Amino acid sequence: MDLLRFITAGSVDDGKSTLIGRLLFDTKNILADQMEAIERASKSRNDGEIDLALLTDGLRSEREQGITIDVAYKYFQTPNRKFISIDAPGHIQYTRNMVTGASNADLAIILVDARHGVAEQTRRHSLIASMLGIPHVVVAINKMDLVGNSEDAFLEIAKTYQDLAQKLNIKDLTIIPVSALNGDNIVDRSKNMPWYTGETLLSVLETVNVLKDKNTTDGRFSVQYVIRPQTEELHDYRGYAGRLQSGSLRKGEAVKILPSGTESKIARIEFGGQEIIEAGVFESVTILLEDDVDISRGDMIVSVDNSPIVSQDIEALVCWMDDRKTLKAGDKYLLQHGTARTKCSVRSIEYQIDINSYEKLDEVESLKLNDVARIILRTAQPIAYDPYQQNRANGAAILIDETSNVTVGACMVE
Amino acid sequence: MSNEVSMSISVKEASDLSDQGNIDRRKPDYLDQLEAEAIYIMREVAGQFERPALLFSGGKDSITLVRLAQKAFAPGKIPFPLVHIDTGHNFVEATDYRDMLAEKTGSKLIVRYVEDTIKAKNLKEPTGKNASRNWLQTFTLLDTIEEFGFDACIGGARRDEEKARAKERIFSFRDEFGQWDPKRQRPELWNLFNGRIHKGENVRVFPISNWTELDVWAYLQREGITLPSIYFAHERECILRDGRLLYNTPVIEKDPEDQIVTRQVRFRTVGDMTCTAAVESSAATLEEVIAEITVSRISERGETRIDDQQTEAAMEDRKKGGYF
């Protein structure tokens, strides 16, 4: 059985938390005591209707205000797959939270209120999904019951969305009419919309092919830690602990160490102390090399015939996440890419992207919280990267403020 | 009484990496994915911090952490100590297991006692029905972090356990007072963990954040790890209180309405004796336990944790104060 991570994007009133609640409820993933707690809380809050949204709102202020502030994770399974649901707030002021949740997602569910159609926030959520390279997007047109379950209403919204999607990089798009409140087309097919013959939401979640999304071609291994037991029997043991970010590496394969460019051969690959012949994408292994080369945390081991770009000059899309300081040309940060950390300075802001209209804004002086822009960075040490849209794991980086130590920017290197 | 029953602990199996159960490495599945992610996180801790520690309780989640740490750093030893904050109200089966596992894995074990903190700080111990030292652990934990200068503490918390935990980062920043601020969490993107801190601050790290209770059980089974005997069905003298079965131990203050009963039980979680309830069960093996949990309609903490039942935000409040 495999694992699917999906993010749900929508705003306060789109019924996002209700949708997650409905998925959990209809797949029988809500346990008796959790249900009782929700019933108790629902009674004290509204007209006594069971509020499935209470399942995901975890913090006191969220329950008080009836909104989702932070990213919440929920876990459930069906006989076919295990799911990690990432629930991120949809309001513009929480764009950074959505970017955070989207960074690890295989699929995005974008909620659209059938009464309002494609709204500004739909455009924003779609841009983020596209920018973060989420391979599959499901647009759930919710509250169909409030537009009389009308096929025409659905088709009109679907058409508008398809036009919008053309401007973006969405590889796989599915549009489904649903009612989260009533459970229509979530797990069970709707009796109220007999005209809809496509898949239910759950059936898309269960069958989307995530294996195909992985980059299995570019062998990239970031060294996290050097294992040197220095005991008598393991006196000369020197193992490089890390994770295959993409591709695979085999025993005997010729490799290159970056950024130095030194070449060697893989003498042995171990997992949990046991020898294995090949390590595949996302496996955490230990690599031993034939030659005694100088390697430390932050270095990358790659296939000799398939090299990433090694450079100190980087162009990236950045989502700015600091609510206290802005980003300006000339500012200095730490750039964390894989396990490497290097100082960097902002050469320039090329242009900002209006995340609602997708327009490019020139001559932008500074970026504030939730702004998205293309920037040029100069790093103190070269980094070995692949363009983000080809290789999510090796094209992603974060900016860290050196004085506050806070993560202030999400970078997708181009 | 059951704690006199000979303990069926085989720590050899728990620490022996050569026997990894029936792992079919050709078919990667969700357990492999979760394991690889957790090992990656363990190694990030070793790579980013100077003085990490692994918070070990003797419970199944921290036993899982030890196994993952062994795999992460094999053939080397685990490069950080195991730290246990002992309330003095722990199950003897769990503390015995803890000692043996530390010895077998060659790990340094640091134990600090809540009892000592109560005396040193002249703290008032909660009394009465349902009184527990659970909250007092926070004081001992923060003192221990300061004593050893730990900059990262690895814990076995999972996001599926509780709704405040569902919102917590894998690298969870704590200020110099050990406090968690849920509104100012660092964004955590991709697999890029930011462990940079100032002196005196620390990071709590949760490598099995994305595991469910069932995943932990399935992993223990797959890895062929033997658990402390209290996780399996046994006869035990219990206090029946408000529909829950508590171990009949002198550290729990009796209430006139308590009934003393002997039942066949097992523990689904292992925490402090005063706030961990047993469940009636005949499951004597890991397979049987997994079968029971799979059909159970009640969540783990809901069934067995008295400390979470107090208010809707009990865990959130404890975490803000510096709790695990």
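**Exercise 1.** In which helix of chain B does Glu147(B) lie? Then decide whether Glu147(B) is buried or exposed.

*Solution.* A note before the steps: this is a predicted model, in which local features need pLDDT of at least 70, side-chain atom pairs count only at pLDDT 80 or more, and totals for chains, interfaces and linings use all residues. Residues are numbered from 1 along each chain as its sequence is written, while chains are lettered from A and ligands numbered from 1 in the order in which they are written.

Step 1: Glu147(B) belongs to helix H6, residues 137-148 of chain B. Helices (H or I, at least four residues) and strands (E, at least two) are DSSP runs, numbered from the N terminus.

Step 2: Glu147(B) is exposed because it has 10 other C-beta atoms within 10 Å. The cut-offs are 20 or more for buried, 12 or fewer for exposed, and partly exposed in between, with C-beta atoms placed from the backbone.

Step 3: From Glu147(B) to Asp96(B), 51 residues apart along the chain, the C-alpha separation is 25 Å.

**Exercise 2.** How many helices and strands does chain B have, and what percentage of its residues are buried?

*Solution.* Chain B has ten helices and ten strands. Of its 324 residues, 54% are buried.

**Exercise 3.** What is the average pLDDT of chain B?

*Solution.* The average is 83, and 82% of the residues score at least 70; pLDDT is the predictor's confidence in each residue, from 0 to 100. Over residues 1-14 of chain B, however, the pLDDT is below 50. Where pLDDT is low, the predicted coordinates should not be read in detail.

How values were computed
Two residues are in contact if their C-beta atoms, placed from the backbone, lie within 7 Å.
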